[in-house]
Amino acid sequence: MTEEYYMQQALREAQLAFDKGEVPVGAVIVIDNKIIARGHNQVEQLKDPTAHAEMIALTSAFNYLGAKYLPDASLYVTVEPCLMCTGALYWSKVRRVVWGAADEKNGHARITGNNWPFHPKATIERGVMATECASLMKSFFEMRR
């Protein structure tokens, strides 16, 4: 499977959030080329500001594996993770983080700058299907105005 395939799956999750009136962010967690967990924002539905796509997917992956660490996992998320989600990714030891659109307002880099907030063994990749990911966010916020 390609990175675009997994990001398309994350975009499907983001569309589910969009359809529910949630900020459209979606995530999937992959181990050995298999999606083991999915998540999309559920902040409004659950009335929980921590119910971000990444957090939902991480919890699902921990439950699926019966483990608290994901050293062999890759997370694909449609938008740059916020500081909270970056912290959760650090503690879960996710090996690889791939995101689509940058988030200058709420992404981790606004606070962390050039400091590495992920686990020391983690790698990141930015900009996979960035145009499609950003377009969904833009459509959502234009609709809300």
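Analyst: Two strands count as paired if DSSP finds at least two bridges between them, a strand being a DSSP run of E of at least two residues and a helix a run of H or I of at least four, numbered from the N terminus. This is a predicted model, in which local features need pLDDT of at least 70, side-chain atom pairs count only at pLDDT 80 or more, and totals for chains, interfaces and linings use all residues. Residues are numbered from 1 along each chain as its sequence is written, and side-chain values use heavy atoms, with hydrogens and water left out.

User: How do you know that strand 1 and strand 2 pair?

Analyst: Strand 1 (residues 26-31) and strand 2 share six bridges in the antiparallel sense; the requirement is at least two, so they are paired. Ile31 stands opposite Lys34 in strand 2.

User: Why are strand 2 and strand 5 called edge strands?

Analyst: The open sheet has five strands in the order 2-1-3-4-5, with mixed pairing. Strand 2 (34-40) and strand 5 (123-126) each pair on one side only.

User: What makes up the lining of the largest pocket, by class?

Analyst: Its lining has eleven nonpolar, four polar and ten charged residues, with Asp, Glu, Lys and Arg counted as charged. Of the 25 lining residues, the closest to the centre of this pocket are Val23, Asp103, Asn106, Met137 and Phe141. Seven residues, the largest share of the lining, come from helix 6, which spans 130-144. Helix 2 (43-46) also supplies at least two.

How values were computed: 1 Å grid on protein atoms, 1.4 Å probe; cavity = no way out; pocket = protein on both sides within 12 Å on 5 of 7 lines; lining within 4 Å.
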